[in-house]
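Hi everyone, thanks for making time. I'd like to walk you through one model this morning, so let's get it up on the screen.

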Amino acid sequence: MTLSTPPLPLTMAKHGSASGSGIEAGAPIIQVENLSKIYGSGFQALKEVNLTIRRGEIFALLGPNGAGKTTLISVICGLVNATAGNVRVDGFDNVSAYREARERIGLVPQELTNEAFTTVWDTVSFSRGLFGKPSDPTHIENVLRALTLWEKRDNRLLELSGGMKRRVLIAKALSHQPQVLFLDEPTAGVDVELRREMWEVVRGLRDQGVTIILTTHYIEEAEEMADRIGVIRRGELVLVENKATLMQQLGRKELTLHLDTPLDGVPPALAGHDLVLAEEGHALVYTYDVTRQDEGTGIAGLLADLEATGIRVKDLHTRQSSLEEIFVNLVRESA
Amino acid sequence: MNLQSVKTIYLAEMSRSLRTVLQSIVSPVVSTSLYFVVFGAAIGSRISEVDGVSYGAFIVPGLIMLMLLTQSVSTASFGIFFPRFSGAIYEILSAPISYFEIVLGYVGAAATKSIILGLIVLATARLFVPFTIQYPLMMLLFLMLTAVTFSLLGFIIGIWADGFEKLQLVPLLIVTPLTFLGGTFYSIDMLPPFWQAVTLLNPVVYLVSGFRWSFYGTGDVSIWASLFIIMLFLGVALAVISRIFRTGYRLKP
């Protein structure tokens with residue numbers, strides 16, 4: 001099963017921004033300032049979070065369970081009251097100008113929350129009307145076709161698979177042509193194939209100018225899709241960075257040298273390099289920072305020393321740390 | 001005012017009633033007919049007249065009121081409770097609509113359904129007993145005020161309840177007993193003086209009495225007292241709902 005993403009006629013509705021600047025790619029669309037949330041139980045879910053989301057980007061919010069991802073999204077969307085701070089959507093305060101702010105937002109929640117006995121068509125049309133938009137069967141049809149739900153339009157939601165229900169939630173969120181789409185763990189619990197289909201849908205939306213903010217547990221998802229990544233931990237935004245920069249700055253590379261003859265230990269002549277003997281003496285693993293590699297000091301020197309000591313290398317390969325390793329290290333460091 | 005959103009909620013709730021037409025409309029009509037058979041025909045044949053009208057005709061306003069109260073509460077409470085229960089409430093709360101508009105949609109639909117049912121029961125009753133309505137406009141006013149007020153009460157219960165058991169608790173343990181003890185099937189003049197005084201503490205007495213007055217021009221209490229009590233109820237319900245939304249109680253942490 002594949003998604004017929006193009007053409008995705010789900011483009012955002014034309015709205016003026018509060019500043020009157022119109023739609024401009026890269027301009028801030030969501031501005032979060034000093035946002036804090038303390039629940040009635042005393043639990044502080046957000047601690048003075050500051051964040052700017054740019055129009056047209058895919059922003060991935062990463063964090064362990066209970067870090068505050070869903071709370072942050074919920075405050076922005078108006079589901080949870082902030083204790084302090086403020087949120088502006090396209091320049092509109094989400095409390096004092098909540099109508100203007102909310103009509104620009106589409107939210108796909110984490111849980112599959114549907115009324116089981118309504119049909120796909122009715123529930124998506126309901127969402128559009130709820131957001132104050134006049135009936136537009138053509139738009140609803142386009143949304144359903146883009147999400148391969150058209151054939152199921154007369155089915156009741158209880159008759160759909162989990163993946164289809166998830167797509168119905170996306171269709172509901174897109175029914176009123178939002179400028180910003182929040183996806184709270186969009187692929188949680190779905191199989192690999194469907195996850196890739198979802199990614200295609202999300203990319204299609206971004207290509208049309210919809211700003212996407214997604215939370216995820218799957219680092220692979222952020223690595224695959226995001227333009228920028230934010231890491232939240234215990235209610236604090238510990239990092240916001242371009243994905244490429246993040247991987248370049250924090251990524252570590254490993255060079256594995258497969259040896260012709262096994263060694264008993266790292267020879268003293270190579271002690272100056274950060275080497276570890278692996279595979280029962282058949283390999284030497286050299287770990288280095290990408291930034292140091294740019295300086296050109298590590299690998300060249302190591303290879304020269306290897307040649308000088310007469311150690312023959314029959315093969316080598318390098319591996320760059322994944323975003324997952326970066327994330328785990330980051331969370332561990334800030335613990 | 002975001003009328004499109006209000007209309008959307010209203011129509012969705014009305015279509016829910018139509019989807020469950022058997023439970024929503026047929027069931028109250030059948031049960032009201034049974035009341036007529038049991039109380040009107042079987043028992044009524046042994047009671048000649050109450051307050052100058054036949055017993056069958058006497059119980060008509062009370063039966064309509066009984067149905068109106070229970071249906072208003074159950075429809076409105078279920079209407080808001082179910083999206084809370086299923087989680088679909090997120091969509092309502094994140095939509096660009098005010099709390100007043102949310103209430104207008106849900107309560108408007110519940111009250112409309114109750115009023116339609118009231119009129120259907122009225123027509124059904126006419127098949128069993130002959131009666132006239134002396135003050136039809138006042139009858140409609142009472143019908144509407146009661147439907148709106150008890151739909152508001154249902155809305156409050158739907159927000160307060162954290163399970164299906166609590167959802168049933170107030171209608172079963174409070175509304176139905178108060179209605180049965182509120183002069184639906186008897187005039188409070190038929191009670192001993194002590195119980196007459198106790199019964200006057202029951203607010204439903206005033207609703208049934210006022211409604212009956214609009215039919216036959218007589219009631220257990222003055223029409224003004226009835227109107228005052230229903231308006232007081234309405235005011236209290238609105239105040240409670242206003243507080244619920246101001247504090248985010250059970251809706252918005």
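Predicted model: local features only at pLDDT ≥ 70, side-chain atom pairs only at ≥ 80, totals over all residues.

For the model itself, we have ipTM 0.86 and pTM 0.81.

Now, the interface. Here 20 residues of chain B contact 28 residues of chain A. On the chain B side, α1 (3-19) and α4 (89-94) are the elements giving two or more residues, and α1(B) has the largest share, with seven. By type, that side of chain B splits into eight nonpolar, eight polar and four charged residues.

Over to chain A, and its sheet. Six strands make an open, mixed sheet, ordered β6-β7-β8-β3-β9-β10. At the edges sit β6 (105-108) and β10 (236-242) of chain A, each pairing on one side only. On average, neighbouring strands are turned by 15° against each other, ignoring direction. If you zoom in on β9 (residues 228-233) of chain A, you'll see it pair with β10(A) in the antiparallel sense over six bridges; I229(A) has E241(A) as its bridge partner there.

Two helices of chain A lie across this sheet's strands. Helix α6 (residues 192-207) of chain A lies across β3, β7 and β8, at about 150° to β8(A).

Thanks, folks, over to you!

Conventions: Residues numbered from 1 in each chain as written. Chains lettered and ligands numbered in written order. Contact = placed C-beta atoms within 7 Å. Helix = DSSP H or I, 4+ residues; strand = E, 2+ residues; numbered from the N terminus. Nonpolar A, V, L, I, M, F, W, Y, C, P; charged D, E, K, R; others polar. Pairing = 2+ DSSP bridges. Axes fitted to C-alpha atoms, helices over the stretch in contact; angles between N-to-C directions.
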